[in-house]
Amino acid sequence: MSGQKFQYDESGGTFFYFLLSFLALLLIPGTYYLWPRCPKQDPDKVSKECQCDGCKKKKIILQSNEPWKETKALFTKFLIILGWIILILLAYKVSQFDYEMANFDPFEILGVSPGSSQGEIKKAYRKLSLILHPDKETGNEKAFMKLTKAYQALTDDEARKNWEKYGNPDGPGAMSFGIALPSWIVEKENSVWVLGLYALVFMVALPTVVGTWWYKSIRYTGDQVLLATTETYYYFFIKTPSMTLKRVIMILAASFEFCKKRNAEIIERHTDSEEVPSLIKQLTNLGEKNKEIPLCHLYSIKARALLHAHLSRMLLNPETLDKDRQYIVKKCPYLIQEMVACVNQVIFLAYAKRVPRVPSIKTIENCMKLCPMVVQAFWEFKNPLLQLPHISEDNLKYFLAKKRQIKSLQQFAQLKGEERRLILRNLTDIQYEDVMKVLGNMPYIEFKVRSEVIDDENPTVYTAGAIVTVTVSLTRKDMKHLFGDDTVKEQTMIDDIKVSGEINNEGSEEQNQSVKKPAWLRQKKGQKKPHKKGTNKKTAPVKNIQAQGQTTQQSNNSTQQTNTPNTKKKEDKIEKESSKEKSDVSDSEADSDRSDDEDSNDKKDMSIDDDDTEWERFQQRISKRERVLEGRSNLSHEVHCPLFPDVKQEYWWVYICDRKSQTLLTTPVHVTSLAQSEEVQLRFTAPRWPGLYTFTVCLRSDSYLGFDQAQDIKLDVKEAPEVPTEHPQWDISDEETAEDVDAADEHSEFTTDEDISDNE
């Protein structure tokens, strides 16, 4: 390594290669990802959108929230185009370089053919030297030196040998490594500037950027909520396990995201000292005299007053308080989601005896209920029909007439077109069209529940302490499927198919489930279901354990009715076979052998079918895990919410609770990608004591009021089989006794003492 030399690029050519490659690495992916693209717009989007006054104001607000959007797009395009221009110029510059370390060809330099004589070589040298000599006007020192080396390589014997052997007339040279930076970087005159730039980048700018990022990151949770806000939620939910809705609003308004000291985006105006007190006087039950910290702070009272004004749909000063209202309301959905997560954590901390009292299920449900209230901007006791455009309190009297008594959006959707138009006869045709657009795009959720014990021999038998998996299937459709005229046509089509016999019994059961009554038209909890005398509990399938409303009873009865004729046919076949066996006594032995073979083949087929079903289940589990690993999008369907100052997507909460003990059994799952269909699995531990238990699977919307659903599941919990004390297939040492095994079972991670107290 003694002959190696490191040198900077004198001509600057290598440095241009470095710049070219570095710029290409930045421009190619940057152009693909950062080039502003116009989203694909539906040509019929304007005709599908609501044209009410609230939606028009919201469009203006959304445009004002991004005033520099077009300017940023133009600036980004300008930078990318400028980068490509520089890249092209660099490529042209590099292509024009003529390096001395290029391949040395003396014949090409002298302009003679390889078979030329010495006289022709000398003649060419003299001719070119007169042109390239440094003393001449057209002289070039570098070109003349290269010309001289080429002449020596072809005329001098030693130089020719060196060129043929080493590719250089001067002989072997020392190995050199070039650094792709210009030489002026290490010159003494520029050393101060180079060191200053180095110190500025690596000792000032980089630590500042990293420190700023770290300081901000430690102040926020993974959901971009201030840690101080999360601690406040934990404190109040532990202090008040059973919390009313107004108390939840007070805690939400106390979030530190609304405090100027914790959030620089908050604007405090000198007019607040006059406008906020006057607003408080117009509101009732605000609780502004509460002395709890931070509920008594001025920022908390202001945020609480603005939330009450938003829920009451009060008009505020558009230049001051209304802007503050928009900022607060925009942050509420993900703050409420953090509140739900905090209540859930407090509940499970209480089960672990780290918290003295368990929060009630009403607390977490009040938090969930507050989210659609904020999105739609009205109180829970208001009529859900106010979510439609152009509908005011004056229009509700037409819905609540004695003949109609329409109290929900679903009931209104099931009316015929003439009746709907008659109710809204005071609206113009354009306004009525807006109402039908919004109503038709609202969600209609098919909510199906299935419970089982996975990885068990009999998945429909529930034993004490078993892990119960509840699979919730959600299918999202537009509310337009419930419109009266369309539903009548669908029902007639289904009846025609049944009469013609084109569908089998299984298909008919699926159709019955698909056209079953929605949750809001089923029997109320207080009403008793009529008992049928002809039912037999012993012969009922195991699915009767899972009470899924009237639809499961109808499907079970239909399966019993369809099975009776099949059993009769089988009995007739058995009698015919027995009569044949009596008449053909001589062939009875052969028939018995054949029957044995057929039975063995049937068993093999059954085992193969079981293996196939198990393999399909295994593949389904793998696909579900892959979906979880890939992540889910946060896009479902846009919500019609003209008073919410941002675009809102439809999200849902799914969870299981026990209404008798007012406890939560599973963590609420936030479904954010219900575009068409979604499947959610909820797991909980079955009670440790045998008996019949009723749990409720709940579905709640965070965007609309009046769309919540619930289904009860009944678990007939059996005693768990006793664990054998001796296992011949296991090698258990003598020191391990049966008492140790029983003690280990009692302290299993799936059973807790709190479960016992709850069930009692």
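Let me begin with the term helix, which here means a DSSP run of H or I of at least four residues, numbered from the N terminus. This is a predicted model, in which local features need pLDDT of at least 70 and side-chain atom pairs count only at pLDDT 80 or more, while totals for chains, interfaces and linings use all residues. Residues are numbered from 1 along each chain as its sequence is written, and side-chain values use heavy atoms, with hydrogens and water left out.

In helix H14, which spans residues 321-351, Phe-348 and Tyr-351 lie three residues apart, about one turn of the helix. Rings of Phe, Tyr and Trp (its six-membered ring) pair if their centres lie within 6.5 Å, and planes under 30 degrees apart count as stacked, over 60 as edge-to-face and the rest as tilted; by that rule there are 13 aromatic pairs. Phe-348 and Tyr-351 are edge-to-face, because their ring centres are 5.7 Å apart and their planes stand at 90 degrees. With buried meaning under 20% relative accessible area, exposed over 50% and partly exposed in between (1.4 Å probe, protein chains only), Phe-348 is partly exposed at 32%, whereas Tyr-351 is buried at 18%. Elsewhere, ring pairs join Phe-684, Tyr-693 and Phe-695 into a cluster.

Turning to the cysteines, a disulfide requires two cysteine sulfur atoms within 2.5 Å, and the count is zero. The sulfur of Cys-50 has its closest cysteine sulfur in Cys-52, but at 3.3 Å that is too far for a bond. Cys-641 is likewise in no disulfide, the nearest cysteine sulfur being that of Cys-55, 8.3 Å away, and Cys-641 is buried at 2%.

Note on methods
Helices (H or I, at least four residues) and strands (E, at least two) are DSSP runs, numbered from the N terminus.
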